[in-house]
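I opened this entry to log what I looked up, one element at a time. The notes follow the order in which I checked things.

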Amino acid sequence: MESRWSDMEAARAVARYAERGVGEDLALRTYTARLLGADPRLVLHGGGNTSVKTVMRDVYGDEVRVLCVKGSGWDLATIEPAGHPAVRLDPLLRLRQLERLSDEEMVSVQRANLLDSNAPNPSVETLLHAFMPHKFVDHTHSVASVSIADQPDAEEICRRIFADRIACVPYILPGFGLAKAAAAAFEANPRAEGLLLVKHGIFSFGASAKEAYERMIEFVTLCENYIAATARPRTKPQAPELEAAPASSVLPLLRRAFGEAAGAKWPGRWVADLRNGPQIEAFAANEELRLCALRGPATPDHIIRLKGRPLILDAPPRDRSGLEGWAQATTRAVADYARVYEAYFARQNERVGGIKKPLDPLPRVVVIPGLGIVGTGRDKAEAKVAGDLVEAVVRSIVDAEAIGRYEPIGEDDQFDMEYWSLEQAKLGKTAEKRLARHVVAVTGGAGAIGAATAKAFAAEGADVAILDIDGAAAAAIAASISANTLGVQCDVTDTASVSAAFARITAAFGGVDILVSNAGVALTGMIADLPEETLRRSFEINFFGHQNVAREAVAIMKRQGQGGVLLFNVSKQAVNPGPNFGAYGTSKAALLALVRQYALEHGADGIRANALNPDRIRSGLLSSEMIAERARARGVSEAEYMGGNLLRQEVTAEDVGRAFVAQALMRKTTGDVMTVDGGNVAAMMR
Ligand code: ZN
């Protein structure tokens with residue numbers, strides 16, 4: 001592992017932050033914290049923490065000694081100076097004299113001594129940073145250090161690697177107790193340049209930002225070298241022989257199993273993130289290795305994201321006919337996992353006096369031999385965090401087993417960490433959005449209405465896939481929404497293209513919950529004069545295109561067994577035809593019948609089908625030129641034309657997007673047509 005320190009970059013950071021009034025110490029602290037955060041072998045997703053001791057002025061103008069330590073909610077990869085809030089150091093140091101200090105008292109003292117009372121809570125490891133006398137303190141749960149820390153003889157190995165350069169601290173839950181133990185370990189070996197926290201991670205110290213950072217790099221490199229030198233050669237490191245059914249067939253069945261195990265008490269809808277590189281697949285296929293993961297989390301930091309153990313499934317069969325049997329076995333396996341978790345909670349909660357509230361009992365990590373490892377979450381972003389952490393855990397376990405035995409913290413310590421109020425505070429700070437846990441596919445997604453609809457669903461917390469005949473445009477809209485939004489090229493008139501698109505969505509998210517079938521075309525001409533190809537083309541897109549995507553979505557929804565929503569853009573023309581729009585109106589009228597057919601045939605599956613009949617929306621189907629032309633023809637201004645409705649207001653693509661969201665949320669409405677046209681008597685449903 002190479003140091004990424006650059007004198008030039010460091011000087012630039014100092015100059016840049018100085019413009020904002022940030023001193024050199026905090027500037028360099030920010031610079032090296034970001035260096036640590038940039039390497040996933042060192043730090044992942046809010047893991048690790050860093051600090052610097054410096055002098056600042058308070059509001060009275062007095063100089064005070066402060067500890068600037070990572071604040072809750074900041075990620076080292078993107079941290080700014082404000083991410084290391086300043087806490088008065090002397091009151092923190094006085095705490096060491098106390099015999100005991102509750103977590104609440106610790107947090108209270110830390111907050112009360114912030115120079116800025118609006119700053120985020122200082123890290124739960126603040127006191128450990130404070131009690132070390134060094135100016136810069138860096139802490140990570142790096143992959144290689146965890147492989148060493150999780151050995152039964154970690155202290156012995158630590159001595160072999162580092163001699164007295166690193167002091168060992170036995171496992172203690174983070175907080176006051178750990179901070180005192182770490183201080184004692186350091187004082188017993190005052191030459192130590194860092195700490196190995198058994199079953200947890202590693203610290204490095206330095207008089208300068210560079211020294212602490214480069215010691216971290218050196219220590220982790222020494223761990224890596226030790227692993228490389230002592231690893232037993234594995235006899236079967238190769239990728240598996242197994243060949244399972246594709247993720248697109250398997251993941252909806254996993255979602256069904258989650259839904260059934262969740263019952264009425266817990267949310268049953270989860271978004272998936274599948275990892276399947278060669279190392280992951282080799283791990284998933286190796287029974288001896290994957291069973292190691294059941295021993296516990298590689299570092300206690302992971303437990304709130306991954307729970308204490310993964311769920312391990314059987315390999316899914318290759319042939320589709322065998323999948324139903326696999327699905328049933330999977331449903332039983334997820335239910336068993338939940339029962340085991342609930343028993344763990346009950347047993348442990350009794351141990352601590354029955355004061356804790358249970359978390360949901362569903363797995364966050366699912367090992368599927370032949371396929372890979374699935375991280376789960378309330379949305380794709382959360383599932384990806386689980387996926388990233390799992391990749392690091394797999395490397396830690398493989399290496400730990402290669403040099404000895406993977407032996408993480410036991411059940412009591414797992415529970416204390418998982419249900420520690422300060423860890424719980426890291427999760428669920430914001431209320432879940434209304435459409436979190438939902439995957440939405442929008443066809444015609446790169447058009448004005450499609451894009452506005454996709455954005456409206458994303459704003460409600462849904463994960464979105466944009467389908468469009470123009471793949472590049474779909475990708476561009478997706479990128480404008482979020483890194484987790486998927487852009488897919490899809491020709492809705494081509495069943496193979498539709499199948500491929502939905503397979504991609506399912507592999508990416510685990511399934512589909514809501515379809516917004518919006519792609520359409522407005523071909524014009526008097527009906528009697530219309531070339532047959534024109535009418536057929538109109539039906540291909542405005543009727544069969546919707547049928548193709550709805551059929552595919554329903555098949556996935558039925559596999560998931562958790563209902564679903566089909567929403568269709570039938571336009572005003574479906575109920576209020578206009579001259580020269582026969583090709584459009586007849587196909588949209590047929591589409592309205594199709595919506596009702598889905599509603600009546602799939603209500604029993606919990607699948608709702610509803611239609612929206614928007615009118616006069618600026619889009620590819622109603623361009624600026626068309627608006628100008630029609631306004632001229634009627635002798636009104638463009639604004640009057642666009643606001644030609646009862647409310648006298650233009651209806652926008654965003655209004656349509658919000659109406660689709662409203663339909664998705666109306667849980668007891670199906671077979672309905674909703675207007676979003678500002679009021680149009682001729683188009684009122686009767
Ligand atoms: Zn830690």
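Which residues point one way from β7, and which the other way? I note before answering that this is a predicted model. Gly 201, Phe 203 and Phe 205 point to one side of β7. Ile 202, Ser 204 and Gly 206 point to the other. All are buried. In a regular strand, side chains alternate between the two faces of the sheet. For the strand as a whole I logged 6 of 6 residues buried, over residues 201-206.

**Partners of β7**

I looked at the pairing next. β4 and β7 run antiparallel and are joined by 5 bridges. Opposite Phe 203 in β7 I found His 139. β6, residues 194-197, also pairs with β7 in the antiparallel sense, over 4 bridges. There, Gly 201 in β7 is the bridge partner of Leu 197. β6 and β7 make a hairpin with 3 residues between them. In that turn, Lys 199 has a positive phi of about 60 degrees.

**Zinc site**

Which residues are the protein donors of the zinc ion? I listed Glu 125 through OE, and His 139, His 141 and His 200 through NE2. They lie 2.1 to 2.6 Å from the ion. The sequence spacing reads E-x13-H-x1-H-x58-H. I then placed one pair on the chain. Glu 125 sits in the loop between α4 (103-112) and α5 (126-131), and His 139 in strand β4 (residues 136-140). The two are 14 residues apart, and the pair links distant parts of the chain.

Why is the arrangement irregular? The 4 donor atoms subtend angles of 82 to 163 degrees around the zinc ion, which makes it so. A tetrahedral call would need all angles between 85 and 135 degrees.

Are Glu 125 and His 139 buried or exposed? Glu 125 counts as buried because its relative accessibility is 4%. His 139 is at 0%, so it counts as buried too.

**Helix α9**

I checked the length of α9, residues 209-230. Its 22 residues reach 32 Å from first C-alpha to last, close to the 32 Å expected at 1.5 Å a residue.

**The four-stranded sheet**

In what order do the strands of the open sheet run? I read β8-β11-β10-β9, with mixed pairing. The edge strands are β8 (271-275) and β9 (311-312), each pairing on one side only. β8 and β11 (residues 372-377) run antiparallel, joined by 5 bridges. Leu 274 stands opposite Val 374 in β11. Helix α15, residues 380-403, lies across β8, β10 (365-368) and β11. I noted its angle to β8 as about 30 degrees.

**Helix α18**

My last stop was α18, residues 448-459. Its 12 residues should span 16 Å at 1.5 Å a residue, and the end C-alpha atoms are 17 Å apart, which agrees. Its buried residues include Ile 449, Gly 450, Thr 453 and Phe 457. What do the buried residues of α18 pack against? I listed the strands β12 (439-443), β13 (463-468), β15 (514-517) and β16 (564-569). The helices α19 (471-481) and α25 (653-665) are also packed against. Just after α18, Gly 461 has a positive phi of about 95 degrees.

Notes: Residues are numbered from 1 along each chain as its sequence is written. This is a predicted model: local features need pLDDT of at least 70, side-chain atom pairs count only at pLDDT 80 or more; totals for chains, interfaces and linings use all residues. Side-chain values use heavy atoms; hydrogens and water are left out. Donors are N, O and S atoms within 2.8 Å of the metal (3.2 Å for Na, K and Ca); water is not among the atoms, so sites may look incomplete. Four donors count as tetrahedral if all angles lie between 85 and 135 degrees; four count as square planar and six as octahedral if opposite donors are over 155 degrees apart and all others between 65 and 115; anything else is irregular. Buried means under 20% relative accessible area, exposed over 50%, partly exposed in between (1.4 Å probe, protein chains only). Two strands pair if DSSP finds at least two bridges between them. The expected span of a helix is 1.5 Å times one less than its number of residues. Contact means heavy atoms within 4.5 Å. Axes are lines fitted to C-alpha atoms, for helices over the stretch in contact, and angles run from 0 to 180 degrees between N-to-C directions.
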